[in-house]
Protein chains: 6
Amino acid sequence: MGRPTRLVSDIDFDRDGKQVDWLGLPHSVTRSAYGRIMIPIACIKNGKGPTAFFMAGNHGDEYEGQIALAKLIRTLEPGEIQGRVIILPAANFPAAMDGARVSPIDGGNLNRSFPGDPDGTVTQQIAYYIDSELFPRADLFHDLHSGGGSLDYVPFASMHAGAGEELDRRCADALRAFAPDVALVWKLGQDTRYAPAAALHRGVPALGGEFGGTGSVNRKALAMVERGLRRHLMNMGIVEKPKDWAAAPPPRRVIVPGQGWFVYAPEPGLFEPAVDLGQTVKKGQLCGHVHFVDNPARAPVPCHFREEGIVICKRHFGRVERGDCVSHLAVDEPW
Amino acid sequence: MGRPTRLVSDIDFDRDGKQVDWLGLPHSVTRSAYGRIMIPIACIKNGKGPTAFFMAGNHGDEYEGQIALAKLIRTLEPGEIQGRVIILPAANFPAAMDGARVSPIDGGNLNRSFPGDPDGTVTQQIAYYIDSELFPRADLFHDLHSGGGSLDYVPFASMHAGAGEELDRRCADALRAFAPDVALVWKLGQDTRYAPAAALHRGVPALGGEFGGTGSVNRKALAMVERGLRRHLMNMGIVEKPKDWAAAPPPRRVIVPGQGWFVYAPEPGLFEPAVDLGQTVKKGQLCGHVHFVDNPARAPVPCHFREEGIVICKRHFGRVERGDCVSHLAVDEPW
Amino acid sequence: MGRPTRLVSDIDFDRDGKQVDWLGLPHSVTRSAYGRIMIPIACIKNGKGPTAFFMAGNHGDEYEGQIALAKLIRTLEPGEIQGRVIILPAANFPAAMDGARVSPIDGGNLNRSFPGDPDGTVTQQIAYYIDSELFPRADLFHDLHSGGGSLDYVPFASMHAGAGEELDRRCADALRAFAPDVALVWKLGQDTRYAPAAALHRGVPALGGEFGGTGSVNRKALAMVERGLRRHLMNMGIVEKPKDWAAAPPPRRVIVPGQGWFVYAPEPGLFEPAVDLGQTVKKGQLCGHVHFVDNPARAPVPCHFREEGIVICKRHFGRVERGDCVSHLAVDEPW
Amino acid sequence: MGRPTRLVSDIDFDRDGKQVDWLGLPHSVTRSAYGRIMIPIACIKNGKGPTAFFMAGNHGDEYEGQIALAKLIRTLEPGEIQGRVIILPAANFPAAMDGARVSPIDGGNLNRSFPGDPDGTVTQQIAYYIDSELFPRADLFHDLHSGGGSLDYVPFASMHAGAGEELDRRCADALRAFAPDVALVWKLGQDTRYAPAAALHRGVPALGGEFGGTGSVNRKALAMVERGLRRHLMNMGIVEKPKDWAAAPPPRRVIVPGQGWFVYAPEPGLFEPAVDLGQTVKKGQLCGHVHFVDNPARAPVPCHFREEGIVICKRHFGRVERGDCVSHLAVDEPW
Amino acid sequence: MGRPTRLVSDIDFDRDGKQVDWLGLPHSVTRSAYGRIMIPIACIKNGKGPTAFFMAGNHGDEYEGQIALAKLIRTLEPGEIQGRVIILPAANFPAAMDGARVSPIDGGNLNRSFPGDPDGTVTQQIAYYIDSELFPRADLFHDLHSGGGSLDYVPFASMHAGAGEELDRRCADALRAFAPDVALVWKLGQDTRYAPAAALHRGVPALGGEFGGTGSVNRKALAMVERGLRRHLMNMGIVEKPKDWAAAPPPRRVIVPGQGWFVYAPEPGLFEPAVDLGQTVKKGQLCGHVHFVDNPARAPVPCHFREEGIVICKRHFGRVERGDCVSHLAVDEPW
Amino acid sequence: MGRPTRLVSDIDFDRDGKQVDWLGLPHSVTRSAYGRIMIPIACIKNGKGPTAFFMAGNHGDEYEGQIALAKLIRTLEPGEIQGRVIILPAANFPAAMDGARVSPIDGGNLNRSFPGDPDGTVTQQIAYYIDSELFPRADLFHDLHSGGGSLDYVPFASMHAGAGEELDRRCADALRAFAPDVALVWKLGQDTRYAPAAALHRGVPALGGEFGGTGSVNRKALAMVERGLRRHLMNMGIVEKPKDWAAAPPPRRVIVPGQGWFVYAPEPGLFEPAVDLGQTVKKGQLCGHVHFVDNPARAPVPCHFREEGIVICKRHFGRVERGDCVSHLAVDEPW
């Protein structure tokens, strides 16, 4: 793990001021023997103080976080802050430029690639840089997702519980400070291939969240993210709290109890959903039908919810393959 | 134009009963020297009476019509009807199976391919069959679209005005019978590459419409389509009107006056819209910004509406190229 | 039709001797602005006499003819002949080098491209050269096919009947001279996109035939082709008949009465055939089953022969799409 | 090696009855963020008794085993058996649906991927599941291959000798029970990337075999496989032996002594074979010629057998690259 | 020919001032149903006077003209001129953005596509716009080429002679005004698929030229182009001639007498040239060898010049296919 | 590291005479289940003496070395030498046949793949063979590069200093013997993924060098390589020195002090260089401009040299992405 990253940059994380620059990831290919993939990064710093590390573009087709962070980079000035803000607005940069979940270069899903590898694929090298260079500098990590092209979500922020009392407490504090409408608390598992889990493994409080989806830009969720990021800075003391600062009321707290709360397409075809996002459903309720437009005389195949809960996630695209997740539920579990 | 189609089928359009079968389009390729592309089609007939021809899947990533027609094929029985219903639920079949607007075989956009060519590309051969074999049999043609993956629409049904008094009247009658919330009336131009324009050119009353979009299935628009198709059959006398049949109140009538009511992305990047679908906007109002996540220090580039109207269409995907339509307006023009 | 071909060559068809050269088809692409596709051709000539034109590689994955003609080019010497032999051993050259039925450049099926177009796609330009430059020089045209990767055949030579009494007689004479085991007589239709039909349209006696298939090299069928080509030359008086020359006994004569003698896959899946090549089947007899290995609990779907006859053609690949031809029959019709 | 598989399934291998279900392999991609590759599997169980584990689709273009197992899944009923039968009919499922040897997702050759990796590529994850979850449950493993698209075989069943006296004996017993016409005995090497070698490494008797090839369905070899699988079940006591059960006569036993018994294409071109499958050849005998249809004046290049034996394997496709195996021999070595 | 172009633009060619805008070519695809390909164009006008129309990017991998025209657009001000300058700096825009000779959308070579088709492929639509909208407005057309990725040239400007005395005179006058070091005079043939030939067909004096090549930017040739374009404007009276204006000395005049002055690669392999660009060679002189690195024991195959002349063009890439042009000559023919 | 290579070959490195053969790398794919990638190799040996190991095609689009070694294989006879010469003229064979820097099979850059992996990707298996089988047999290793398609170089030979006094001395001696015009001395780093570094790690004196570039064949640099290789053999005593042998004058010695001597493209677009290869530049001097032909009104973006030195390397292709190296410098540092 002590191996050096191959990414190079002129960024000096210890320098005061606003630096908007790139991480250069050497990528030697036919069209450019000495080429670099240029991943945008910003560091805004003023004096001593805590470090907030905000990231988006972990999946390239999730846009609310990318836009919110691009705006924050332009609008946040060193003079306003005390401490440091590190912003990686398009972490899996090749995927972001492709408008795709995974990298067009190596097929890599950055959020299954932590802690990464400095000699691995492009995606693994990005993960390694984040894990070895950025997590150690952070007092808070927020990884801004949405559902991507294939899923739509009731917007929520999230944390993983189970990383120890101190980290749990700091995550919950940050989650409330962010002030989402809904807060989803995942149970931290063994799997540290995810960015927030990797950050927690490094001892860094880490949040996530799904702010919309469908490969589009959800205006309300974007506003929620922009407001929440400012609130993080105030809560951490990086930006001064306004006089009328008030703790937000605690968000609705939900969990996803297990795999039984997911529904998968039973056949390939066209999926007609029977429920809407945000709706409460009962055990055994119809989730939808797969229709066979190539063979319209064939009877549609239904699928049902196996548990009760709120439809927090729905598949977006009409066309499905067998095994595509068409919905998953969450259930209330108050704080 | 008297050249024969190369598509073959066992369907007998003059036979009573329900036939659900395929049109076989010979497609000789390496994996199948004597292969056929099998395009689903149904003919439901009982005795004498008018013929309704319903079509979907003109664009493969528009699903409401495909699902509505697949359901109609299974549920409509010859005993219920007097006359004939011809249903082509996935007209550009290769595109429909690919979940794409255009055909993966030849890149063909079926709705720019009329009147087609019996010796042309796969898409042109499909257009030719529809134009030469199906339009001549129809008393009404309804081509069911939605916005596809790239656009979202306020759901509406539509007609083209300008094909002559008689056709205009019959289209308007059918449009009201369908009972959409919104009716958009296009001005018929010279361009007969579109399916409805080609049908009108053949003297067949023709409707269109955009029932949702985004590459997903809009449950409300789907319900509107399913109800409207049944109302067509009643209005044409193919299905008996219920005792309590009442003409629907006339829908809101809108037009799109010209190219000035469209807005295009001024740069490639991430598009943050400033308005919502259905909103009324003023001339000069901000439509949105293009952000540059690859170079976040670069100032976002705005674009504005050049006319006033209702936002009837919005781009769905967050990522844009210069020249992508990001919105277009419609304006009220009462009947 | 008087437009000049764009193909260039140093071949002089009027020169005595053996010329083995190329037709250069200008193909201006990024990797070669002034590049040419080099299509091999040979002309072997000695004095006056008739011209035999032999062609293979009309489909690139049909190898018996390609090998037989490559061998003939090397072994036939001008001193042995009186007249002229023109040999095009790999007509759709890009397809032949790709081992595919159709051209990797334009997807073109040469045998659906006659009479071609001098300004069209690469495949259309090849067809045009053959049609405008080679057919007019020929007294006999033999286009050597086999089933390609997707089909297997009982090897046969063939002709199209219906081009007029004189041409029919000359084709039948050539067909018997070739001495195949089986001779299939097609009915000449309107469709002149096929090479033999185009040759007949030019007044040139034309044969075809399917000498094996499956994308492999059938040793017996190859021997039949090699012997038959030599017999053509003797029958035409280009090569001297041996003293013991005897007309071959007339081959078994079969026809394919119509589309009803073909069977197509009813579903996509794995096709288990129920019959062997060459077998005689009855009307209604089982042709095979489609199995669903992705969903093995689903019942296999059978398909049946709709007429009786000999299984002269079978699909080779185990995997099928709906609409793939899985077999076709021929029936005896004596001379 | 104690790491858990990521594949999920509702199958309970300890439950009596017939379960036909899927293994869900999480595959997070742009078109489906929470998608799963659904690999069919069946478990048929009744009470106590030994476990037979049958697998096909290790290579996707080898069909006899896939069809035989799909049929066995539908026809074998729990009431007929005592013990358990686990069936994986399309092990490298993406390859099987693609009709290709290797996976279209990661290029993986499942039969070079054992013992696999639970965090590796899709193919490595499949191998890991088989190795860690299915081999430990099996008393016999039979991996049903054929030559795939590129090779044709004299059908045979096979075992690897050298895994110890006890395993050798149990493999030989199973091989004879299966009753193939020919039995090939490989020498077990160091390479455990192959499925049968991996099973032996786990202490499980393991058979293989090549039941035809060419990417088609060999009806005789399929019948041999179907009969042999039933005989396995009888021999293991899972299905009751019929009263007239008789040990089959021992099959012809052959070996492949070494690399010297293989012949490779010396040049790229069209390969004309000089021998037939099943033929006995002498040392130095001509194996075939490579022809150059792009340059027919160039002399064909021959290749020869370097040892004597039976032509048990031949290349199927006519087109070759330098280094393609065009044939290999086997030699008799009686039991 | 009277059919309207489908390209739309806000450019008003009759308006004074500098307009830098785009031609929008409607391109309806899955990622953008109402998308447009945005082709840059500029019109700089002041009062009455002649119109110069300069074009580059006819082939996308030819850069000197593209850069020279981008610079001219930015630096030429309406106040400096009397008349009009129309500039199309990246005519085959998709090819230009791809750095390729031909369009990645339709494979179209714009310089083989005139006079185009308003309903054809993207490339044909571009040609049609140029032919029907821009040529009729021009008093001089200069199409700036270089050798592209595959060829290198001794930089020259060119004209086609044979379009009639008046046009020949005006072309020669413009050619001398441009003041290249070398002027190549082609003989105008029948083929009007080329841009300059199409312009001449419309009665517009037209020049061409190859200003370097190899897919790189030739600094000297770029300077020659920049100077020449300014000289065109002075010669036409659009820009005032400086007091010390002097006609340039006539350039060296060369011609390419015929196909015999071209040399093509005789085999695929690595091409080692035996001559340098600009060198004078004799008939029969060695042009180079093809080496076979896949089979290094095979003797290299030489090729020779069949005529004498100056090496004005050489293939750039080391790898060749049979039929690639490896060199062509020019010969002096004084004015 | 003791794992065996999977490559097979009939080459006997201990046998006297000239062997030109192939390394067969097993590559089991759909089109060839038992296929091998055939990598050309030659061994020329006579009696006892040192071993020179020459390699080219480490990157497939670098041709001078490939041609020089193909010629050496054909012309060097065992009778001329005392010792052994091992020649691998196209090391990354799939890349060489593709004319690309990296392998089309696995995207592998051979020069980032050492010491390789016998069970890894194709490229890793090649690296492993070189590292484990060829380096241990060599007394000198020379890896012949050039700039490939994307870069052009002032031709030079090179060594890495820092591998220990003895190796440094032997490398410097070989470098001078080779007699290039320019000698570049790199500082040996930690990174042993490069071929020369891997050889030094094995204790083998190793040279490199960039002999031209641009994807073409540089005739002068090729002559330098051919002469240098002969001089190596003389210097090592493998070929007898001619009577008039004289040590060449020491070449100009340069170094590249660090990353500050490289310049990268600041934006994507068309790059107009401001300097020529070989030119001496000052700190802060203009390196070039990026032009935006898609938006020609946008101001070009310049980039500058940050240090002074000689332009030893320039980007070749006109089109750049942000992060492409457009130039790097070297500075004199006498011996």
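Start by selecting chain B and chain C: 13 residues of chain B are in contact with 19 residues of chain C. The model is predicted. Now colour the chain B side of this contact by element. Strand E2 (residues 36-46) of chain B gives the largest share, 3 residues. Then colour that side by class. The side of chain B that touches chain C has 6 nonpolar, 5 polar and 2 charged residues.

**Chains B and C: the turn**

Keep both chains on screen. Two copies of a chain are related by a rotation about an axis and a shift along it.

**Chains C and D: another turn**

Chain D can be laid on chain C by a turn of 180 degrees, with a shift of 0.0 Å along the axis. The RMSD of this superposition is 0.0 Å. The two copies are thus related as by a two-fold rotation axis. Which residue of chain D comes closest to the rotation axis? Select Thr214(D): its C-alpha is at 4.1 Å.

**Chain F: two gaps**

Bring in chain F. No contact joins chain B and chain F. The closest C-alpha atoms of chain B and chain F lie 9 Å apart. Chain C and chain F do not touch either. Between chain C and chain F, the nearest C-alpha atoms are 11 Å apart.

**Chain A: two domains**

Move to chain A. Colour residues 17-255 as domain 1 and residues 259-332 as domain 2. The C-alpha centres of domain 1 and domain 2 of chain A lie 30 Å apart. Their contact takes 13 residues from domain 1 of chain A and 12 residues from domain 2 of chain A. Which elements give two or more residues to the domain 1 side? Select strand E6 (151-153) and strand E10 (252-255) of chain A. The domain 1 side that touches domain 2 of chain A divides into 6 nonpolar, 5 polar and 2 charged residues.

**Chain C: helix H1**

Return to chain C and select residues 64-75, helix H1. Helix H1 of chain C has 12 residues. From first C-alpha to last, H1(C) reaches 16 Å, close to the 16 Å expected at 1.5 Å a residue. Is H1(C) largely enclosed or open? Of its 12 residues, 10 are buried, so H1(C) is largely enclosed by the rest of the structure. Among the buried residues are Glu64(C), Gln66(C), Leu69(C), Lys71(C) and Ile73(C).

**Chain E: helix H4**

Finish on chain E with helix H4, residues 165-178. Helix H4 of chain E has 14 residues and reaches 20 Å, close to the 20 Å expected at 1.5 Å a residue. Show the side chains of Leu167(E), Cys171(E), Ala174(E), Leu175(E), Arg176(E) and Phe178(E), which are buried in H4(E). What do the buried residues of H4(E) pack against? Their partners in chain E include strand E5 (140-144), strand E7 (156-161), helix H5 (195-201) and helix H6 (219-235). Last, click Ala179(E). Just after H4(E), Ala179(E) takes a positive phi of about 60 degrees.

Conventions: Residues are numbered from 1 along each chain as its sequence is written. Chains are lettered from A and ligands numbered from 1 in the order in which they are written. This is a predicted model: local features need pLDDT of at least 70, side-chain atom pairs count only at pLDDT 80 or more; totals for chains, interfaces and linings use all residues. Domain bounds come from an automatic or database domain assignment. Two residues are in contact if their C-beta atoms, placed from the backbone, lie within 7 Å. Helices (H or I, at least four residues) and strands (E, at least two) are DSSP runs, numbered from the N terminus. Ala, Val, Leu, Ile, Met, Phe, Trp, Tyr, Cys and Pro count as nonpolar, Asp, Glu, Lys and Arg as charged, and the others, Gly among them, as polar. The expected span of a helix is 1.5 Å times one less than its number of residues. A residue is buried if 20 or more other C-beta atoms lie within 10 Å of its own, exposed if 12 or fewer, and partly exposed in between; C-beta atoms are placed from the backbone. Copies are superposed by least squares on the C-alpha atoms of residues with pLDDT of at least 70 in both.
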